[in-house]
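Here's a quick briefing to read alongside the model. Have the viewer open as you go through it.

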Amino acid sequence: MTSGNEISPRRSGVQSRVASPSRRADPVRRWSRKRSVLAAFSVMATAGFVAASLVPLVSFPSEAQATELDPMSLYATAVQDAQRYHAGDAPAVELERASEYSVYVKPTPTPPPTPTPPPSPAKKPSSGSSSKSSSGWSPPFVTPNPGSAQAIAYDMVTARGWGDSEFACLVALWKKESGWRVNAYNASSGSYGIAQATPGRKMASVGSDWETNPATQITWGLGYIQGRYGTPCGAWGKSQRSGWY
């Protein structure tokens, strides 16, 4: 029998065994509290991060607005200072800039006109007819033989009683006109043949083969020279003076 203030060992053991479950539950509560604190801290940190991300987008304008500055160059400042001056207590005097200017422009010299060369003398048609060639006509293909043509002409010149000097004038004349080529053709004037008849079909009065036969052309040419100038040297002199015969 013990006193009221004393606790028997048996009862003390019971109480210790009864109190032990509550002591085991304390760490669980503490861990639960820690988890709650950590969760609340995570939520607050996440909210703070989101707010920090959204504040710049809300608080600042979408486009930067630059402040326009009034440009003032060193030259403009110097000009402004030069236009104003103060003499003691005298009021500022505004200097006026001249509003009119006289500009002298040196005139560009006019180049001298380019001299136009005189036109080359054109061959005058021998019969006074039109210098245009007959439409649709073109010279035929012929192999010229100037040496053979000159041999034929020499016999015809001597047969007319002209000497070698006249033949020399004839050689020079027709060398200048056609080069003694039976198919020499001037498209601008229509002249054709060794004698350069204008137009060439006039030689048909001597023979129908006037386009290809040097003898026909020479016969017509000598007849034209004799009737107009008398001799080949007379025709050559005319050609030397005016460029045609």
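Tyr229 counts as partly exposed because its relative accessible area is 22%, where buried means under 20%, exposed over 50% and partly exposed in between, with a 1.4 Å probe and protein chains only. Tyr229 pairs with Tyr224, edge-to-face, at 6.4 Å centre to centre and 80° between the planes. Tyr224, at 14% relative accessibility, is buried.

A word on the ground rules: this is a predicted model, where local features need pLDDT of at least 70 and side-chain atom pairs count only at pLDDT 80 or more, while totals for chains, interfaces and linings use all residues. Residues are numbered from 1 along each chain as its sequence is written, and side-chain values use heavy atoms, with hydrogens and water left out.

**Aromatics**
- Searching the whole structure turns up 11 aromatic pairs; rings of Phe, Tyr and Trp (its six-membered ring) pair if their centres lie within 6.5 Å, with planes under 30 degrees apart called stacked, over 60 edge-to-face and the rest tilted.
- One of them is Trp137 with Tyr192, edge-to-face at 5.0 Å centre to centre and 85° between the planes.
- That pair links distant parts of the chain, 55 residues apart: Trp137 sits in the loop between strand 2 (93-94) and helix 3, Tyr192 in the loop between helix 4 and helix 5. Helices (H or I, at least four residues) and strands (E, at least two) are DSSP runs, numbered from the N terminus.
- Trp137 is partly exposed at 23% relative accessibility, whereas Tyr192 is buried at 0%.

**Helix 5**
- Helix 5 (residues 214-228) has 15 residues and should span 21 Å, which agrees with its end C-alpha atoms being 21 Å apart; the expected span is 1.5 Å times one less than the number of residues.
- Its buried residues include Trp220, Leu222 and Tyr224.
- Among the elements covering the buried residues of helix 5 are helix 3 (146-159), helix 4 (164-177) and helix 6 (232-242), with contact meaning heavy atoms within 4.5 Å.
- Just after helix 5, Gly230 takes a positive phi of about 90°.

**Disulfide**
- The structure has one disulfide, defined as a pair of cysteine sulfur atoms within 2.5 Å.
- Cys169 and Cys233 form it, with their sulfur atoms 2.2 Å apart, and the link is right-handed with 85° about the S-S bond.
- Cys169 in helix 4 and Cys233 in helix 6 are 64 residues apart, so this pair links distant parts of the chain too.
- Cys169 is buried at 14%, while Cys233 is partly exposed at 25%.
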